[in-house]
Amino acid sequence: MNRRRILAAGAAIALAGCVSSPADDSPSSADFVRDAIETRRHMTDLEARRTVTVETPDETVERTERVARKPPANQRIEVIESTDPDVPADSVIVTNREVTWEYNPETDMVDVQFHGTKVDADRTLQVLETLLADYRLGYGGTATVDGRDAHIIETRPPLDETGRRIDLVVGDTTYAVPLSPGDLEELDVSRTVWIDDEYRYPVKERNEVSDGEETRYSLTVTYEDLAIDEGLKPKTFTYQPPADADVVTDGSKPAGIFRSVEVAEDAVPYDLPDSDVPDAYLSDRITVVERADEYGGTTTTLWYDDPNVVARELFVVVREEPRFKPTLLEEIEIDGRTAYYRDGRIQSIFWDCGDVSYEVSSLVADDPLREIAASIGCP
């Protein structure tokens with residue numbers, strides 16, 4: 001199942017227009033978004049019935065799904081009803097940290113994707129943080145969504161923004177609404193988010209593109225029967241393909257997934273480090289992937305995460321062959337040893353030691369990567 005829907009060909013639209021400032025006695029729209037960020041950041045699990053409706057002048061496509069999430073990595077989507085030819089009813093996507101299953105009932109095929117080295121960022125959290133940091137926000141009052149009180153937040157992008165995909169906060173999907181570049185100045189896009197009063201979490205979102213006379217496109221996503229942190233069944237994020245389905249695999253299947261260094265070391269040709277990570281982090285798993293030498297050879301990843309904060313994760317990688325280019329990185333020194341630093345969405349430090357190459361990486365900018373690297377050194 002393709003999780004990115006393309007509605008038309010061309011360049012991505014720009015969101016335009018203005019949102020008037022709320023009156024002094026109006027609730028702060030930014031505060032509601034901050035509350036939603038905190039809810040997501042500390043969320044254990046979510047379950048809901050989700051309806052996605054896409055409308056154009058020529059057609060309306062709608063699907064209804066059962067959704068379960070355990071951020072940042074675990075997800076289950078079961079399509080109950082659908083008029084979308086690309087996403088038929090009874091389609092299923094199940095993802096955990098190690099593997100994704102995608103079942104298409106029309107082809108009776110299951111696509112299995114292995115995630116031995118996948119980093120689990122929380123895209124929904126990132127979208128909320130972007131709304132707060134970069135968008136102009138306006139308070140639109142209150143409404144009822146699925147029988148619950150919700151606050152209406154109207155959003156607009158920075159004035160200098162020239163194009164944008166729609167990254168949903170009510171879900172996990174990225175939608176592109178492309179139009180021809182000549183249309184950009186004549187279009188207006190409104191984006192409205194409803195935040196549930198009790199949960200302080202988004203329960204509805206509507207994105208609408210109009211030319212002043214008619215609506216060109218609209219995308220509406222709504223949660224019903226929302227339940228947060230009420231617990232999920234133990235096997236929610238595993239999937240057993242139908243007995244007669246064709247199963248196709250993608251990616252490198254891990255040679256092993258282990259829970260302790262002592263057990264993992266029996267499966268690799270080198271010693272594994274005892275990393276000094278911050279106290280908030282706990283060891284989550286150790287994955288071993290066998291690859292060709294040019295892709296690192298036997299690659300072991302030691303994963304650590306903070307169980308109290310969504311997507312606060314760091315990892316240590318040991319490879320037989322290096323997978324970094326010193327000329328593209330900042331050269332640094334750690335305890336007299338040359339290492340290389342990479343800045344970006346993932347912060348990383350790389351260095352070589354004898355017959356192995358090390359990497360320490362984190363999704364959090366303030367994690368003490370230098371101290372962690374120093375604790376490993378060159379065993």
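Predicted model: local features only at pLDDT ≥ 70, side-chain atom pairs only at ≥ 80, totals over all residues.
1. The disulfide. A search of the whole structure finds one disulfide. Cys353 and Cys378 form this link, and their sulfur atoms lie 1.7 Å apart. The angle about the S-S bond is 85 degrees, and the link is right-handed.

2. Cys353 belongs to strand S24 (residues 347-353), while Cys378 lies in the segment after helix H4 (369-376), so the bond ties together parts that are 25 residues apart in sequence.

3. Cys353 is buried, because its relative accessible area of 6% falls under the 20% limit. Cys378, in turn, has a relative accessible area of 34% and is partly exposed.

4. Helix H1. This helix covers residues 29-41, which is 13 residues. From the first C-alpha to the last, H1 reaches 18 Å, close to the 18 Å expected at 1.5 Å a residue. The buried residues of H1 include Phe32, Val33, Ile37 and Arg40.

5. H1 against H2. Two packed helices are described by the angle and the distance between their axes. The axes of H1 and helix H2 (residues 123-134) come within 10 Å and cross at roughly 160 degrees. An angle over 145 degrees counts as roughly antiparallel, and H1 and H2 are therefore roughly antiparallel to each other. The crossing of H1 past H2 is left-handed.

6. Residues at the contact. On the H1 side, Ala30, Val33, Arg34, Ala36, Ile37, Arg40 and Arg41 take part. They meet Thr124, Leu125, Leu128, Glu129 and Leu132 in H2. Among these H1 residues, Ala30, Val33, Ala36, Ile37 and Arg40 are also buried.

Technical notes
Residues numbered from 1 in each chain as written. Heavy atoms only, no water. Disulfide = S-S within 2.5 Å. Helix = DSSP H or I, 4+ residues; strand = E, 2+ residues; numbered from the N terminus. Buried < 20%, exposed > 50% of the residue type's maximum accessible area, 1.4 Å probe, protein only. Expected span 1.5 Å × (residues − 1). Axes fitted to C-alpha atoms, helices over the stretch in contact; angles between N-to-C directions. Parallel < 35°, antiparallel > 145°, perpendicular 65-115°, else oblique. Left-handed = near helix turned anticlockwise from the far one by under 90°. Contact = heavy atoms within 4.5 Å.
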